[in-house]
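Thanks, everyone. Please have a look at the model on the screen, and then I'll walk you through it.

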Amino acid sequence: MDELVFELTAPMRGVGSDMLSNFFLKCFAPAAVVTAGVVILSRVKSIKIKEKIPVVTLITSLAFAGICTLVFWRTLDVTDYLKNMGDESTFIEDNYVDAGTTQITFPEHKRNLIYIYLESMETTYADVEDGGGFENGCIPELTELAREGECFSADSTINGALVPYGTTWTMGAMFAQSTGLPLKINIGENMMSEQESFFPGLTSIGDILAREGYNQELLIGSDASFGGRRGFYEGHGNYVIHDYPYALDNGIIPSDYYVFWGYEDEKLFENAKADLKELSNRDEPFNLTMLTVDTHFPTGYVCDLCENEFGDNQYANVMACSSRQVTDFVHWIQQQDFYSNTTIVVCGDHTTMNEDFCRDIPDGYNRRTYTVIFNSAVDKERAGESILYSTLDMFPTTLAAIGAEIDGQHLGLGVNLFSGEQTLEEKYGFAEINANFKKGSSFMDSMAGIQIDEETMRQNGWLPDADVNVISYDEDNDKIRIKADNIVNIDNVKKVYAIAYDQDMKEVSKTTLKLQPDRSYECDISLKKLPDKSGTISILAKGDKEYKIGELSGYLPLQAHDSISIYADLLKGYNNIAVLMSSQGDFSGTATGADLNVIRSFGMTDKLYKSEKLNFYGVKDVSSTYCETSEELLYYLGVLEGNELPVYLESSEDHSCIVLNGDEYSLGADGLNIVIYDYNTETVLDSACFDLSYVDRDQARVNTDIQMQGNEVTITASNLDAFNKDSVAGTSLRGVIWDKKHYKNPIMFDFDGDDLGTYTANLNLSGYDYDDMYIELYMYYDKTKVESKLMDWHGELNLIKGTFAEYMSKISEDLEDRVIVLSTMDGAPARLDEASASVLKDIGLDSFVSAKDDSCAYAIITRDRVYEDSDTHNLEFQCDCDSVRIDLSCSTWNNTYYSSVIINGQECSRNEPGINIAVYNLKTGALEDQVTYNVWSDRPYRLER
């Protein structure tokens, strides 16, 4: 599992064709076949068959998803991984010996080193009588070669190295054998490729040899960038990299040559011979480290030298071919003049990931990597003993083999196997070592030296931060009201204040923000001392120390750049403006439905729906609107209607352009770029960009249920399905709950979680107003002390119900002071379970319940009557209910695919797949609840902004 996490954070550049082809054959191709089958069946004219297609497709998809999840979970032992990552172990720190501070003495005449990593090579592949696990071994040449050198065996059977947790893939193996440590990195998604250094404070064998004047080279037939190898070897020993791109650039292979992962081992060994001849002619000692690739999982690469002695067992044929090639190469080295002063280490990087290949080995057999050392400067002290060792021991052992004397014989977690010292495997047992390696290690985290700039940390929600917006502008008194909400990553906020600066960054005012009943902070700031109403406002919060949590800069009355909905509300106060929009990147695929409804409120409705890689531009002028969406490059050329200034807009995946009268005003950032032009002042008032992907980053969807019995409340949270972080390991779920009477001293509580991902908390809320409660849920990262908000809700506590049936039963109990509006765009009513359909029928929603799975539908429930309808294309409906104006529209997936419910001028639909519900309270004249129930999986999406 550690391998999977690491490789997902490393750059994809250099990945082998076998991995890509396997993905195509085993993932993409089956999906394409199933999709084609569904399309073919959908064209069948039989109504009975067509009616069954969605049901069969859903059941089949869920079954396959369940099986795949189960296999993934069990194969990678995810439960054990999550459990252990939440635990901390000091085993590594307690046993670690720092090579940077240990005395290591080299001989006057230094020996050369040739270190050959053999991809997935094990002693297992030898005959049983030779110490292997196969009845008919496939590496006879390597077996005999091991007997010629030192493999730390007591007899003629071959011995090898155990492979601990954290070293079971190529980069992990190379790291382990170079440093004596498992590769464990606590790093965020894709951060690996952004690092300038790789464990900068760690001393590896490359660092030591570089210090001793060695010329060092890494020779591989693939791209060294894959898995972080380039960063490691360049950063630790300044190795010269001769990889696949190097071979292309230097004409060693044809410019269009590519097989398997780059070029095959046959060419690798020929290139190694040429490089060795060149290195051996220099005055300095050399270290040539090389890695084979033909034996890579799943079945290896069949080169021109491979024979067919194992029939259809391709992997065995490839292993046999590698056995011959490696042996021939070692024998070639031994015939060269430089060999007398050269040590050769041959070691498998890790055991194979092809479990089927080793399925017939005897029970209890311990798989080990192939290991042998030739021409060592020292002999084994524990003569006649078979040593139990791991790949971690190769670090000090290799140094000893080239004549270095190590004070204490220990480096990293490894032991010099030529010495008489006991290995960690012999001292603690291999199982105990693995158990500790699986746990978290703050020591390894600190040594990793991961460097992340402040902007990246802020974008990922790892710094103290808040949503800061101007929420209103009082033109008569020339003042704005600002709001700081969702303050995260600060414990015990004591004070929040704002400092206003003019355009020369001279301080003009300092104002304290007051805590509000919803636990946000607000204040009014005068703009009278700010010419043109422009300047900068810094918002700071005091906890244990002072933190900057936000900044507003520019034309201040429009500074609501953390919320597109607030920004749109502010624009309603301007009558003589033009609004220009252009998207960049996956703006619509990451936006919520509510975001898209805000854009529609400008009159921009042309095919604006949630879709990946959908480009968009829009112009909202004084009396006209233009907009367009497409998956292709978009551009618009026109003029403003008020003064005929030329306008050019462009939208694509990697570019946003908003040019007005020849000047570029777009911020050119991912998201929706907006420019506001004011006809009254004939100037651009504001340029903004709304990165609408922030919802996935900061507020995941969570299924929450509340059950009450007297003052005792049980809160259950599950299905944290859009939780966009590295993993849920080492995290806890926390909550805050209060009412308006207790907002200064809310109840803070922790959830207890189970193995199925369900979290539960029990509270006593005696003295609280259950009809007007606030609740927030946070996922808290124990190691980084970072929190991420999952839920922010205000309303009647008893309305938080985990199932649609429970929710509808509850809100329909009292219709005297309520209007309930249901809207759907994706045929969700056809997916209702029996209990949910029964509740709706009891309310009187017959047409809504009967809506087909390719239709949109709505229902308005009042105390006097019910309005409902469904259609396979579009629906629009307007009515006045008890002084409440409702404007409703929705459209199916094959049209514009949206749901809009406007109540008294306010958009109230979440516009999400499923059943969107808006509950309006007639007594308070306010929206009481706004929720979407995804009936496909019966999970409510409660997202507050």
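This is a predicted model: local features need pLDDT of at least 70, side-chain atom pairs count only at pLDDT 80 or more; totals for chains, interfaces and linings use all residues.

Residues are numbered from 1 along each chain as its sequence is written, and side-chain values use heavy atoms, with hydrogens and water left out.

The protein has 24 helices and 45 strands. These are DSSP runs, numbered from the N terminus: helices are H or I, at least four residues, and strands are E, at least two. Of its 945 residues, 54% are buried, meaning under 20% relative accessible area with a 1.4 Å probe, protein chains only. Take contacts (heavy atoms within 4.5 Å) with a separation of 6 or more: 62% come from residues 24 or more positions apart.

Now helix H11, residues 265-280. Its 16 residues should span 22 Å at 1.5 Å a residue, and its end C-alpha atoms are 22 Å apart, so the two agree. The expected span is 1.5 Å times one less than the number of residues. Buried residues in H11 include Asp265, Phe269 and Leu276. The buried residues of H11 pack against strands S2, S4, S5 and S6 and helix H12.

Last, Asp678, in strand S26. Which side chain of opposite charge is nearest to Asp678? Lys533, 9.3 Å away.

Technical notes:
Buried means under 20% relative accessible area, exposed over 50%, partly exposed in between (1.4 Å probe, protein chains only). Lys and Arg count as positive and Asp and Glu as negative; His and the chain ends are not counted. A salt bridge is a side-chain nitrogen of Lys or Arg within 4 Å of a carboxyl oxygen of Asp or Glu.
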